[in-house]
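Please keep the sequence and the 3D view side by side as you read.

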Amino acid sequence: MDAGGTLSRRRLIGQGALLGVGAAAALDGGVAHAADDAVRPRKWRKGKGWGWVWGADDELGALNELSPELARKALKLAKGRVYDLGMEYDRRSYKFAGHAAGEIVTYRSPQGLFLQKDPTVADPRGNSTRTAYASCLNSISDNVATQIDGLGHIYEGDPPHAYNGFKASDIVGDYGLLKLDVTTIPPIVAPATLIDVARHVGRDPLPKSYAIGPSLLQAALRRQGVDIDPLDVVLIRTGTGAVWLRGDGVGANHDEIAGPDSAGLSLSGARWLIEEKGALMLGSDTSGIEVLPPSEQLPDGTSFNPVHVFTIVRQGVHILEYQNLEALARDKVYKFAYVLSPNKIRGNVAGTVQRPVGLA
């Protein structure tokens, strides 16, 4: 998979080499760490996480921690197996009710071009072989299927502000975002840890509104025999992805998906992963990563999406949704390289219908 292209100067603001590379491999209470080449975060602080620490103009958040050292650490986990972590999407796929409906419409067809004598194909003098083509017009939300939430996706306060204090009134226009859009997200190559909560609990998929907190995450990791290194991408399996893949595999079975899709991280679970373990990004196989309705609230007020507010607005940590974790779980691959190059549609708040790759 080609991460593709070079980053513009604007995309590189705040990025640089990490400090303090290198440490010996370790075992802690029988739990294996992939730390023979540990990469220390520059600005993460245990018990605090990140926050707005990268400067007033920053649009990258925790992804400022990406570096050649982190990419090399990730790729050392790649031994030849390639996992497709993307879900297929079509106009019937399950989605959050607040996002736009999708349509995939044939815009040009071979029969239509000739039937209606399109000038590009219909003149036999220039097209005696009757060459024709097909193309499609997509009307699609930027928040469906396998996706990455950009830092311009979630707002809080009155007036509403996003990560780093950017006001919605200054950056959200009629044609998308002026800052914090998905094109600010660079190609991502980072180590990853899968936590198969559904397998650990023995309920696959997890029940409706099942909350995943710190103690459950720790127990699942112990059972798997792995731990989270700082700057790992952490992916939580609830089993919802397996439900999406039933039938024709595009998540058209809404009634089946809706229950387990509401299982996810509690606020304390998300805080433990970021503040105590240093997770670079959080993801799951659901549409919203967090338990709904919320099982816990922010210390200073209520929200219908407290985990989103904490991660995206307050910590600058991107969220990965509807990751296809089934093959990794089947093979019990808990440590791997996560590779994602978000689609570059300027103004979008999220990268949609992504096809991340796991290398193990």
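In this predicted model, Thr311 has a relative accessibility of 0%, and because residues under 20% are classed as buried, Thr311 counts as buried. Thr311 is found in helix H9, where its side chain reaches the backbone oxygen of His308 at a distance of 3.4 Å. When its neighbours within four places in sequence are left aside, Thr311 is in contact with Ala270, Ile274, Leu282, Gly316, Val317 and Ile319.

Helix H9 also takes part in the next feature, for it is among the elements that line the largest pocket. How much space lies in the largest pocket? The space in this pocket comes to about 530 Å³, and of the 26 residues that line it, the closest to its centre are Phe96, Ser287, Gly288, Leu292 and Asn305. The elements that give two or more residues to this lining are set out below.

| Element | Residues |
|---|---|
| strand S6 | 147–149 |
| helix H7 | 254–261 |
| helix H9 | 306–315 |

By residue type, the lining of the largest pocket divides into twelve nonpolar, ten polar and four charged residues.

Another helix, H1, spans residues 68–75, and its buried residues are Glu69, Leu70, Ala71, Lys73 and Ala74. What do the buried residues of H1 pack against? Their partners are strand S9, which covers residues 188–196, and strand S15, which covers residues 335–340.

Notes
Residues numbered from 1 in each chain as written. Predicted model: local features only at pLDDT ≥ 70, side-chain atom pairs only at ≥ 80, totals over all residues. Heavy atoms only, no water. 1 Å grid on protein atoms, 1.4 Å probe; cavity = no way out; pocket = protein on both sides within 12 Å on 5 of 7 lines; lining within 4 Å. Points joined across faces, edges and corners; volume = space filled by probe spheres on them. Helix = DSSP H or I, 4+ residues; strand = E, 2+ residues; numbered from the N terminus. Nonpolar A, V, L, I, M, F, W, Y, C, P; charged D, E, K, R; others polar. Buried < 20%, exposed > 50% of the residue type's maximum accessible area, 1.4 Å probe, protein only. Polar contact = N/O pair within 3.5 Å; in protein donor to acceptor, adjacent residues only side chain to side chain. Contact = heavy atoms within 4.5 Å.
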